[in-house]
Amino acid sequence: MKNILSIQSHVVYGYAGNKSATFPMQLLGVDVWALNTVQFSNHTQYGKWTGMVIPKEQIGEIVRGIDEINALSECNAVLSGYIGSAEQVEEIVNAFHYVKKRNPNAIYLCDPVMGHPDKGCIVADGVKEGLINIAMPQADIITPNLVELRELSGLSVNNFEEAIEAVKIILSKGPKKVLVKHLSKVGKDSSQFEMLLATSEGIWHISRPLHNFTKEPVGVGDLTAGLFLANLLNGKSDLDAFEHTANAVNDVMETTHNAGVYELQTIAARDLIINPQSHYKAVKIS
Ligand SMILES: Nc1ncnc2c1ncn2[C@@H]1O[C@H](COP(=O)(O)OP(=O)(O)O)[C@@H](O)[C@H]1O
Ligand SMILES: Cc1ncc(COP(=O)(O)O)c(C=O)c1O
Ligand SMILES: [Mg+2]
């Protein structure tokens, strides 16, 4: 059994952060050690929530506790997502280094969740800078959306060609793999949902249907990052992991769309996460 230390948000109601990613990763046969950066009533895009950010000390304490029962060497990867405070960024990177001491093969996937004013995703001040300056250089894999791609690369990214330039810049800053979760306005076809995967082997592009939601579900990025990592730990190639992730997420989106609801339907789509019914293929573009 492969194990992922997943450091991201917990929402009591609905699906975002660890609530979105844990169950799907487990469905792929990978266990998840969920360490919550915040415990909120619901995700922030409702515009209001209750709950608390965990004190930053908890991250190191929990990892030390796992080490004290001699289990830290069983950790194969650290995944970080929604972070509760600027100080937590350094603690997360330290946690990864602690894991690496016990398992030198462990990898770090950073989903650089940043605030998104248009969508109403609210993230604490200083987290963005921490992701750029502290987390990105240490990450093996990074999974930006368009806003995050701009921030991490420093480019304004106004079209597809600039998105390619931006992923190449990120590959020169530490990460070995960059998965763009959603090209959004800089995709090739505005009627599609498009993603990119860039590694030292090349760049792949995938398109899948864009469903028309009155309110777009939250937690999709968390689901995408988690599935990509679980697929890689299962030994899939980068390309197979990318395609399975895109198809599984598509099927969750379609299930959610057909149900006419706002919260992501990962439970209803459980069989589809394991065996997606869609088979969109990635195309190598460079
Ligand atoms: N197939 C789809 N059709 C329509 N919207 C989608 C589809 N897949 C994902 N989305 C939406 O696209 C958005 C992706 O958001 P974005 O900010 O680019 O990345 P992230 O998922 O990290 O927030 C989310 O609002 C999600 O609900
Ligand atoms: C508490 C919480 N966790 C995680 C996320 C990230 O969600 P997404 O996967 O849509 O980027 C959000 C976004 O608003 C959030 O409010
Ligand atoms: Mg996101």
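Colleague: Which residues does UniProt list under "binding site"?
Modeller: The unreviewed UniProt entry puts that feature at Asp111, Glu148 and Lys181; UniProt positions are given in the numbering used here, feature names are shortened, and annotations may be inferred rather than shown by experiment. This is a predicted model, in which local features need pLDDT of at least 70, side-chain atom pairs count only at pLDDT 80 or more, and totals for chains, interfaces and linings use all residues. Residues are numbered from 1 along each chain as its sequence is written, while chains are lettered from A and ligands numbered from 1 in the order in which they are written.

Colleague: Where does Asp111 sit, then?
Modeller: Aspartate 111 is in the loop between strand 5 (107-110) and helix 4 (127-135), where helices (H or I, at least four residues) and strands (E, at least two) are DSSP runs numbered from the N terminus.

Colleague: And is aspartate 111 buried or exposed?
Modeller: Aspartate 111 counts as buried, because it has 30 C-beta neighbours inside 10 Å; buried means 20 or more other C-beta atoms within 10 Å of a residue's own, exposed means 12 or fewer, and partly exposed is in between, with C-beta atoms placed from the backbone.

Colleague: What about glutamate 148, which element is it in?
Modeller: Glutamate 148 belongs to helix 5 (residues 146-153) and is also buried, with 24 other C-beta atoms within 10 Å. Leaving out residues up to four places away in sequence, glutamate 148 touches Pro112 and Met114, contact being C-beta atoms, placed from the backbone, within 7 Å.

Colleague: Switching to ligand 1, which residues come nearest?
Modeller: Of the 18 residues around ligand 1, the nearest are Asn145, His182, His211, Glu216 and Gly221, a residue being near if its C-beta atom, placed from the backbone, lies within 6 Å. Helix 7 (220-233) and helix 8 (238-259) are the elements that give two or more residues to that shell.

Terms used
Two residues are in contact if their C-beta atoms, placed from the backbone, lie within 7 Å.
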